[in-house]
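Subject: Structure handover

Hello,

Here is the structure I promised you. Please open it first, then read my notes below.

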Amino acid sequence: MKSAQQSNRVFTQVDYRQFRQHMADTYTKQVKGKGFETTIYDQQGDIQAIIHAASIDEKGNCYPAEYFIRTSAMVTEMDWQFAA
């Protein structure tokens with residue numbers, strides 16, 4: 001079940017497995033990358049997913065890749081159980 005805070009967000013951070021599942025159901029030919037961010041669009045030109053690349057800052061701190069999908073396109077928690 002989505003929380004009130006999550007449902008107000010345009011994009012929701014997900015783990016890699018959820019991201020891959022979402023992308024398996026998204027048909028796209030348009031992917032744009034700029035700097036550390038990649039955006040993936042649907043056929044209508046709407047952003048469906050965003051990837052922030054893994055990185056290391058000037059102090060040597062590591063940051064993992066982050067995956068975001070459009071909140072309105074997310075499947076419910078019950079759907080994830082059946083996808084597993």
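The model is predicted. With that, on to what I found.

**The overall picture**

The protein has 3 helices and 7 strands. Along the sequence they follow the pattern α-β-α-β-β-β-β-β-β-α. Of the 84 residues, 26% are buried. The accessible surface is about 6300 Å². Carbon and sulfur atoms hold 52% of that surface. Among contacts with a separation of 6 or more, 42% join residues 24 or more positions apart.

**The sheet**

An open sheet is built from 5 strands. Their order is E1-E7-E4-E3-E2, and the pairing is antiparallel. Strand E1 (11-14) and strand E2 (31-34) stand at the edges. Each has a single partner strand, so one side of each lacks a neighbour in the sheet. On average, neighbouring strands are turned by 20° against each other, direction ignored.

Helix H2 packs on this sheet. H2 touches E1, E3, E4 and E7. Its direction makes about 40° with that of E7.

**Strand by strand**

Start with E2 and E3. They run antiparallel and are joined by 4 bridges. Which residue of E3 is the bridge partner of Gly33? The partner is Thr38. E2 and E3 form a hairpin, with 2 residues between them. Gly35 sits in that turn and has a positive phi of about 65°.

Next come E3 (residues 37-41) and E4 (residues 47-52). These two are antiparallel as well, with 5 bridges between them. Thr39 stands opposite Ile50 in E4. Tyr41 stands opposite Ile47 in E4. This pair of strands also forms a hairpin, here with 5 residues between them. Gly45 in the turn has a positive phi of about 90°.

Then E4 and E7. They pair in the antiparallel sense over 4 bridges. His52 stands opposite Glu66 in E7.

Keep one general point in mind while you look along the strands. In a regular strand the side chains alternate between the two faces of the sheet.

**Aromatic rings**

How many aromatic pairs are there? The count comes to 2. One to look at is Phe19 with Tyr67, a tilted pair. Their ring centres are 5.0 Å apart, with 40° between the planes. Phe19 lies in helix H2 (residues 16-24), and Tyr67 lies in strand E7 (residues 66-70). The pair therefore ties together parts that are 48 residues apart in sequence.

Are these two residues buried or exposed? The cut-off for buried is under 20% relative accessible area. Phe19 has 6% relative accessibility, so it counts as buried. Tyr67 has 17%, so Tyr67 counts as buried too.

Tyr41 has a charge over its ring. Lys32 lies over the face of Tyr41, at 5.4 Å from the ring centre.

**Two glutamines to compare**

Gln43 is in the loop between E3 and E4. Its relative accessibility is 59%, so Gln43 counts as exposed. Gln43 and Gln30 are 13 residues apart in sequence. In space they are 8.0 Å apart, C-alpha to C-alpha.

Gln48 has its place in strand E4. At 10% relative accessibility, Gln48 counts as buried. What does Gln48 touch, leaving out residues up to four places away in sequence? The list is Phe11, His22, Thr26, Ile40, Tyr41, Asp42, Phe68, Ile69, Arg70 and Ala73.

**Where to start**

I would begin with H2 on the sheet, where it touches E1, E3, E4 and E7. From there, go to the Phe19 and Tyr67 pair. Finish at Gln48 in strand E4.

Best wishes

Key:
Residues are numbered from 1 along each chain as its sequence is written. This is a predicted model: local features need pLDDT of at least 70, side-chain atom pairs count only at pLDDT 80 or more; totals for chains, interfaces and linings use all residues. Side-chain values use heavy atoms; hydrogens and water are left out. Rings of Phe, Tyr and Trp (its six-membered ring) pair if their centres lie within 6.5 Å; planes under 30 degrees apart count as stacked, over 60 as edge-to-face and the rest as tilted. Buried means under 20% relative accessible area, exposed over 50%, partly exposed in between (1.4 Å probe, protein chains only). A charge sits over a ring if NZ of Lys or CZ of Arg is within 6 Å of the ring centre and within 35 degrees of the ring normal. Two strands pair if DSSP finds at least two bridges between them. Axes are lines fitted to C-alpha atoms, for helices over the stretch in contact, and angles run from 0 to 180 degrees between N-to-C directions. Contact means heavy atoms within 4.5 Å. Accessible areas come from the Shrake-Rupley method with a 1.4 Å probe; for residues, only the protein chains shown count as cover.
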